[in-house]
Every structure is written in C-alpha cells, then in structure tokens.
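Please keep the structure in view while reading.

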Amino acid sequence: MADALYVLLTDRVRKREDACDVWAAVPAVMGNCDDRKTYEMHGAALAYAWLHLPERYIRTWLALQRLLEHCLLPMGSEGVRALDVGTGPGPSAFATHDFYAALVRYAEISGNERWRQPAHLMCVECAGGMNGLRHHLAEILHGLGSPRDVLAMCGHLTDFQSIQPSRERKDLESVLRDSCDEYFNDRFDEWESVPRHTPEEANRIANAQHRYRLFTFSNFLTTPPVVERYRSNLEDILADAQPGSVVLVIGGKGGDYPQIYSMIGDLATNAGFSRKAERLSVSCSDAGMNHMVHSERARFYRRLVGLAGDLSDGDPAARRVKEHCEGEHYYEPPDSTIHAHRK
C-alpha cells in the first residue's frame with residue numbers, strides 16, 4: 001500500500017504548482033476533515049491521502065484483527081460483502097479488502113477452506129476528488145500484483161441517504177418483472193414481447209441487492225446531528241441486515257464520540273444486534289509501525305520541498321507536519337476507539 005500510494009502521489013504531483021496546492025491543503029485536512037468544503041480545495045484529496053491513509057489503513061486492519069480475536073469477524077459461505085461509508089481515499093476499504101485477502105491466502109496454506117473469505121466492497125463517498133484518487137490507487141495496486149477484485153474500489157455510491165435496501169429491492173423487483181424483450185413476429189406481421197425474467201428470477205436478482213455482512217463507519221459519524229441526519233437510513237440498513245452481520249464503528253475517544261457510540265449502540269440493539277465489543281483501542285503503535293508512517297510522510301514531504309522549495313509554516317498544523325517530517329522524532333499517531341455489534 002505504501003509503495004502504491006507513493007507512486008500515485010508522485011504521478012499526480014509533478015510541478016511546483018502541484019506541490020503548493022497539496023501543501024496549502026495541509027491545515028484543512030489536519031483540522032477540518034469533517035467539512036465538505038475542505039475537499040473542494042485543489043490538492044486536498046492528495047494531502048489527505050498522504051497524511052492519513054497509511055495510519056488509518058493500519059488502524060482498520062488492527063480493528064478487524066480485534067474482531068477476529070473476539071469471534072466477531074463476519075464470514076460467509078462465499079465470502080463477505082462489505083459496505084464502507086465515508087470511504088475517502090479508501091483506508092478502511094483497502095484494509096478490509098487486504099485483510100480478507102490474507103484469510104484467502106491462509107486458507108490456501110492451511111488447506112482449511114472455511115478461511116476462504118474474499119471481500120467484495122461497496123464504497124460510499126460523495127467527494128469526487130476522493131473517488132478519482134481511490135480509483136487511481138486501485139489500478140496501481142492491481143498493477144503491482146493485488147488481486148483483480150481490488151478494482152471494486154473504483155466503483156462507488158455518492159449518497160448514503162439514497163441507500164434504503166428494503167425499498168430498493170422492492171422497486172428493482174417491480175422493474176425486472178415488467179421488463180420485456182420485443183421482437184417482430186413475421187408470421188403474424190406484428191410486434192410481440194416476452195418477459196425478460198420469470199417472477200422467480202426477478203425475486204432472486206432483487207434480493208441480492210444491498211446484502212452486506214460488514215458495515216464500516218470510520219470517522220464518518222462524527223457528531224450527534226450527523227447520526228440524526230442519517231437515522232432513517234441507519235435504521236433501515238440495520239433492520240435489514242441478516243444474522244452474522246457486523247457493524248464496525250471507528251472514531252475518537254473524547255468530545256461527542258461517547259454520545260455517538262451510545263446512539264449507534266441503541267440503533268443496533270433495536271435492530272436485533274446483540275454481541276458486541278466496546279471501547280477497544282487501536283493505534284499504529286500497536287503494530288510497531290510508527291517508523292513506517294513517519295518514513296512515508298517524510299519521503300513525500302521531501303518531494304514537495306524539491307518541487308516547491310521552502311514550504312510555509314505559518315499555520316500551526318503545517319508547522320507540526322514540517323517539524324515531524326524534518327525532525328528525527330517520529331509522529332505519534334492518535335488512538336482510535338472501535339465499537340462492534342454483531343447480529
């Protein structure tokens with residue numbers, strides 16, 4: 001992942017103007033990640049991927065490892081379909097894909113086919129720049145040897161509020177039942193039509209839509225008003241989830257987060273989720289990867305300096321990034337709290 005990200009960043013940042021755009025976005029992506037206006041800035045998607053993707057990728061991997069340790073990791077007879085909401089450049093989506101790909105490799109090594117659990121990802125992200133960057137990154141990863149199914153990260157849904165599984169399946173089945181193929185009948189000299197699907201086929205196709213085993217909300221539900229805004233969608237998705245499904249929420253510790261976790265917990269309980277793991281902590285330091293995160297940040301920082309010269313450090317966030325990248329002390333990434341609910 002680190003190599004693929006560096007290839008992407010160097011491919012996108014080739015001129016002084018590109019480097020200046022990325023650096024100008026640093027304060028916003030460090031302090032205003034929740035503001036949609038941040039991602040209207042030139043260079044914001046690249047700055048976010050540079051500064052956040054590696055460590056958040058690691059944190060999601062560790063969160064999935066915690067689920068496995070607590071017997072909460074979702075599995076299925078044909079693998080796991082996952083819905084990643086607020087995907088951004090894809091740290092959680094790529095980590096989920098790679099974690100389950102590791103299970104597939106373990107199945108091959110151990111000979112235990114029950115561990116063969118490929119993941120099929122659906123990403124939800126409204127920012128066009130993020131979607132384009134994730135698409136590019138998935139193509140680079142595939143070129144570097146990742147399984148072809150990593151290209152699923154190229155697709156996306158742009159509006160979480162549009163996801164209402166029960167209604168969408170009902171509407172789709174109606175459309176499929178009504179769809180017909182027309183042909184000209186030479187014998188009777190008239191146009192005729194035949195149904196494209198039998199009622200059974202229409203029902204089977206429709207019921208396969210929006211069937212997920214893993215729902216990941218990573219730094220997406222950031223304030224109680226955001227939870228309230230999406231309450232009806234969350235209620236529908238959670239009520240619609242089948243037994244064995246898991247909701248994984250990754251976020252901070254202080255501020256509004258305890259209230260957010262309580263709200264999601266109540267929604268999950270009302271929808272029939274019971275087994276859970278609460279207040280588990282994950283950090284890059286747990287995996288001993290602080291050095292790698294620091295090295296990758298400094299690696300691309302040196303490219304920015306090489307293209308743009310001395311970078312302004314008038315903003316406190318930019319100054320901290322500059323000090324970390326130029327100094328010998330490693331950046332200490334924050335912990336994330338994870339909460340998981342299983343139906």
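The paragraphs below treat packing, pockets, cysteines and a loop in turn.

This is a predicted model, in which local features need pLDDT of at least 70 and side-chain atom pairs count only at pLDDT 80 or more, while totals for chains, interfaces and linings use all residues. Residues are numbered from 1 along each chain as its sequence is written, and side-chain values use heavy atoms, with hydrogens and water left out.

The interior is described through nonpolar cores, a core being a set of buried Ala, Val, Leu, Ile, Met, Phe, Trp, Tyr and Cys residues joined through side-chain atoms within 4.5 Å. Buried stands for under 20% relative accessible area, exposed for over 50%, and partly exposed for the range in between, with a 1.4 Å probe and protein chains only. The largest core holds 69 residues, of which Trp23, Trp50, Leu248 and Leu304 touch the most other members. Helix H4 gives the most to this core, namely 15 residues; helices (H or I, at least four residues) and strands (E, at least two) are DSSP runs numbered from the N terminus. Apart from this core lies another, of 28 residues, with Leu83, Leu238, Ile260 and Ala268 among them. Contacts of Trp50 (heavy atoms within 4.5 Å), not counting residues up to four places away in sequence, include Trp23, Phe300, Leu304 and Cys325.

H4 also matters for the open space, as it supplies the largest share of the lining of the largest pocket, five residues. A pocket is an open set of points on a 1 Å grid over the protein atoms alone, where a 1.4 Å probe fits, with protein on both sides within 12 Å along at least five of seven lines; lining residues have an atom within 4 Å of a point. The largest pocket has a volume of about 1,100 Å³, a volume being the space filled by probe spheres set on grid points joined across faces, edges and corners. Of its 49 lining residues, Cys33, Asp34, Tyr39, Asn219 and Thr222 are the closest to the centre. The second largest pocket, of about 180 Å³, is lined by Gly79, Val80, Arg81, Arg211, Tyr212, Arg213 and Gln242.

No disulfides are counted, a disulfide being a pair of cysteine sulfur atoms within 2.5 Å. The sulfur of Cys284 is too far for a bond because the closest cysteine sulfur, in Cys325, is 14 Å away. Cys284 is buried, at 0%, whereas Cys180 is partly exposed, at 34%.

Finally, Gly288 lies in the loop between strand E7 (275-282) and helix H12 (290-308), and its relative accessibility of 61% makes it exposed.
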